[in-house]
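The sequence and structure come first.

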Amino acid sequence: MGRIEWAMWANEQALASGLILVAGGIVAVAAQFKGWPFAAYSIAAGVFVCLLEYPRGKRKKGSTMERCGQKYLTAVVKIFGPVTRNYYVRAILHAALAVPAGFLLSTILGTACLAIASAIYLLAAIRGEEWNPIEQKKPPERPPVGGGTIKQPPSMPPPRPPVETRKKQPLEEAAQENPIPVTSEAE
Amino acid sequence: MGNWVVNHWFPAVVIAAWLGLNVFLFVYYFLLFDRDKKYYYTRVLLGSALAWARASAKCLNFNSMLILLPVCRNLLSFLRGACSCCRRTMRKQLDHNLTFHKLVAYTIALFTAVHIIAHLCNLEWYNDSQQAADGSLSSILSDLHQDGSNKWLNPIRSNSTTPAYVAFTTIPGLTGVIITVALILMITSSMEFIRRSYFEVFWYTHHLFVIYFAGLVIHGIAGLVRGQTAESLKEHSPEQCARDPTHWGREKRPHCEKPEFGSIPAESWQWVLAPILLYVFERVLRFWRSQQRVVVTKVVMHPSKVLELQMHKKGFSMEVGQYIFINCPSVSRLEWHPFTLTSAPEEEFFSVHIRAAGDWTENLIDTFQQQKPKTPRIEVDGPFGTASEDVFQYEVAMLVGAGIGVTPFASVLKSIWYKFQHADQRLQTKKIYFYWLCRDTGAFAWFNDLLASLEQEMEESGKAGFLNYRLFLTGWDNSIAGQAAFNFDNDTDVVTGLKQKTSFGRPRWCTEFSAVATAHPRSVVGVFLCGPEALAKSLQKCCHQYSSLDPRKVKFYFNKENF
């Protein structure tokens with residue numbers, strides 16, 4: 001399967017795992033199951049995973065659809081540089097995060113899903129993929145009017161006085177107040 | 001609102017029925033497990049989590065039964081053909097099969113979540129009851145019948161186990177975890193983004209449904225959820241006897257024998273057996289059809305990386321706008337991809353135009369471009385019907401194709417040409433408006449000849465007003481517009497060489513719709529689209545807006561192709 005970017009699927013899987021960890025954790029904490037501290041950890045881990053995985057990375061080929069409102073988190077995730085860019089780091093991180101949640105039945109589903117996400121990230125890392133942030137497009141600069149050939153505005157725009165009075169008037173006596181300073185080429 | 005009803009009454013009825021059945025099943029079984037005397041003692045151990053788990057299980061069975069049905073393409077095709085009454089409305093609704101499939105899938109996910117949470121509580125409370133040694137009703141109930149007879153209530157035997165251990169050593173627990181993981185993988189790989197960009201991941205992962213159904217059928221075999229048996233209820237009435245559990249089995253007033261419990265039999269198989277068999281039959285049929293020999297009679301490479309394949313297969317018959325699934329074993333042995341047929345039924349071959357849009361298509365185009373002495377083998381399944389079959393049933397038809405989405409309409413226009421030549425009486429259509437929206441001019445090339453020959457044909461037979469077509473170039477830039485302005489006075493269009501001038505930018509649908517409505521105030525107009533979702537929304541809006549509630553006046557019906 002030639003050009004698959006596994007990281008994209010790993011990202012979806014990890015995001016789903018984060019949500020499952022949070023849900024399982026909330027159930028166990030709310031109902032005070034035995035061993036609920038693991039569930040409290042699972043909620044924290046789940047929230048962290050969700051925040052980390054929410055900003056979608058940029059695809060190598062083609063345009064990438066951003067998730068709603070992801071630019072704020074992209075800015076945060078970008079700061080960590082190589083730690084968040086490298087998928088080996090993510091694979092190991094997710095595997096490590098998944099382990100403590102495996103001690104409680106409520107959160108073990110989250111463990112399984114996060115472990116699978118970690119495996120897919122490992123595959124992505126082996127194939128050399130990287131997380132690149134989706135940059136916001138700057139508004140395009142307006143091209144200079146007339147292709148840059150207009151350097152100076154006309155020195156005597158209409159309404160012009162009749163021909164006799166137009167001849168070689170010194171600039172100070174011109175009837176026109178030029179808003180932009182103008183140098184006369186005639187002299 | 002009224003216009004929405006006119007266009008959508010049938011799917012609304014189906015969805016309402018489905019939703020109603022779900023609600024009914026959930027509420028009925030919830031109340032059953034929450035009130036019935038049979039489960040009195042089970043509720044002592046589990047509380048209302050029992051009812052939540054069982055009610056959601058029933059709904060899961062119901063939805064698992066439904067989810068396989070919309071993807072049985074051949075069955076749906078058969079239904080389309082067999083529907084002789086309400087043909088137009090019925091056929092249109094079968095387009096929504098994939099939407100229904102997704103809706104049912106989301107419902108399965110929702111009920112799975114409810115079911116799992118309820119059973120998490122159940123396992124925890126079973127465990128607590130087993131470990132409690134305080135002589136309470138729960139602990140007495142848990143200790144009953146631990147002697148190897150099958151009359152116990154609490155499935156947990158040991159005093160020193162954890163719910164996790166129990167889950168993984170019992171059949172329902174283990175199968176439950178496995179099928180949930182399979183379900184989650186299926187869902188994450190079918191997210192729109194993944195599906196559109198990496199179809200292969202979606203297609204292969206989705207076959208995990210085999211594990212899902214196998215696990216579902218096995219899931220209830222162990223019968224861990226139990227209720228009091230009928231014979232036991234005769235000798236032991238829970239309301240009276242629960243007050244004094246230490247005196248069960250002894251001589252006392254009121255006399256209470258020890259209660260005995262039996263399991264609820266596994267019933268998932270009853271729900272899903274028929275759809276599984278139908279689906280198996282569907283896949284066997286697809287395989288059989290694919291084994292029939294397909295001869296590639298002509299291969300044409302068009303500009304903009306569009307490949308045309310003309311093929312012949314014995315016994316193949318099609319109608320306009322249908323699509324086929326193509327497999328090329330030398331490119332990928334297991335993948336099947338859908339393509340709309342671009343040839344008319346009257347032609348001796350059938351053809352498809354394939355654009356490079358991903359791994360598989362690019363590989364296929366490369367394979368054919370290499371021009372090996374032996375053309376690669378192609379397998380075909382189909383044809384399957386979609387909305388375009390109905391084009392000739394409408395008096396007036398508006399056909400909108402965006403980019404490569406024009407392919408079904410290529411078939412329609414060619415068919416019109418042939419029907420004209422043979423003065424076919426089946427043609428009920430009196431007027432066709434055709435809109436082609438495209439980004440770049442290169443993609444026009446292969447369609448040009450068709451339109452040019454149609455133009456000529458219409459002029460020769462004097463029916464120049466039958467087909468009204470407009471071409472829109474949405475990806476124009478200053479130089480193209482400049483050229484068009486420069487050549488404004490020419491007879492033929494500078495871009496396409498056709499008599500009809502190319503317009504630039506997107507069409508203004510309000511203007512178009514009101515023009516059609518004015519020109520045909522008493523007709524039923526069919527609007528057919530093959531293109532992006534955003535366009536579908538605006539066309540649908542216009543259909544609602546310009547349809548009149550009065551059945552004698554103009555009505556727009558919207559049909560969308562979906563892939």
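## Salt bridges and chain contact

Because Arg195(B) and Glu192(B) lie three residues apart in helix α10 (residues 192-197) of chain B, about one helical turn separates them. In general, an α-helix has 3.6 residues a turn, so residues three or four places apart point the same way. The side chains of Arg195(B) and Glu192(B) form a salt bridge, at 3.8 Å from N to O. Arg195(B) is buried, with a relative accessible area of 15%, whereas Glu192(B) is partly exposed at 41%. In chain A, salt bridges with shared partners connect Glu12(A), Arg56(A) and Arg67(A) into one network. The model is a predicted one, and the count of salt bridges over all chains comes to 11.

One of these pairs joins two chains, because Lys34(A) is placed in the loop between α1 and α2 of chain A and Asp128(B) in helix α6 (residues 97-131) of chain B. Lys34(A) is partly exposed, at 45% relative accessibility, and Asp128(B) is likewise partly exposed, with a relative accessible area of 29%. A further salt bridge is formed by Lys58(B) and Glu267(B). This pair links distant parts of the chain, 209 residues apart: Lys58(B) belongs to helix α3 of chain B, and Glu267(B) to the loop between β2 (261-263) and α15 (268-290) of chain B. Lys58(B) counts as buried, at 6% relative accessibility.

| Salt bridge | N to O distance |
|---|---|
| Lys34(A) and Asp128(B) | 2.6 Å |
| Lys58(B) and Glu267(B) | 2.9 Å |
| Arg195(B) and Glu192(B) | 3.8 Å |

The helix that carries Lys58(B) can be examined for its length. Helix α3 (residues 49-67) of chain B has 19 residues, which at 1.5 Å a residue should span 27 Å; the C-alpha atoms at its ends are 26 Å apart, in agreement. This helix, α3(B), is mostly covered, with 17 of its 19 residues buried.

How large is the area buried between chain B and chain A? It is about 2,600 Å², and carbon and sulfur atoms give 75% of it. Leu120(B), Phe193(B) and Tyr198(B) supply 25% of the area that chain B buries against chain A, more than any other three residues. The contact involves 30 residues from chain B and 26 residues from chain A. Across this interface there is one salt bridge.

Chain B contains 21 helices and 14 strands, and 51% of its 563 residues count as buried. Its accessible surface is about 26,800 Å², with 59% belonging to carbon and sulfur atoms. Chain A, by contrast, has seven helices and zero strands. Of its 187 residues, 37% count as buried. Chain A exposes about 11,400 Å², and carbon and sulfur atoms supply 66% of that area. On chain A, Val76(A), Ile79(A), Phe80(A), Val83(A) and Val89(A) make a nonpolar surface patch of about 470 Å²; Phe80(A) is in the loop between α3 (71-79) and α4 (82-85) of that chain.

Two residues deserve mention for their backbone angles. Most residues other than glycine have a negative phi. Gln32(A), although not a glycine, has a positive phi of about 50 degrees, and its place is in the loop between α1 (6-30) and α2 (36-53) of chain A. His145(B) is also not a glycine and has a positive phi of about 55 degrees. His145(B) is found in the loop between α7 (137-143) and α8 (163-169) of chain B, where it is buried, with a relative accessible area of 15%.

Key. Residues numbered from 1 in each chain as written. Chains lettered and ligands numbered in written order. Predicted model: local features only at pLDDT ≥ 70, side-chain atom pairs only at ≥ 80, totals over all residues. Heavy atoms only, no water. Helix = DSSP H or I, 4+ residues; strand = E, 2+ residues; numbered from the N terminus. Buried < 20%, exposed > 50% of the residue type's maximum accessible area, 1.4 Å probe, protein only. Areas by Shrake-Rupley, 256 points an atom, 1.4 Å probe, with all protein chains shown as cover. Patch = residues over 30% accessible without salt bridge, like charges linked within 9 Å, V, L, I, M, F, W, Y side chains within 5 Å. Salt bridge = Lys/Arg side-chain N within 4 Å of Asp/Glu carboxyl O. Expected span 1.5 Å × (residues − 1). Contact = heavy atoms within 4.5 Å. Buried area = accessible area lost by both parts, 1.4 Å probe.
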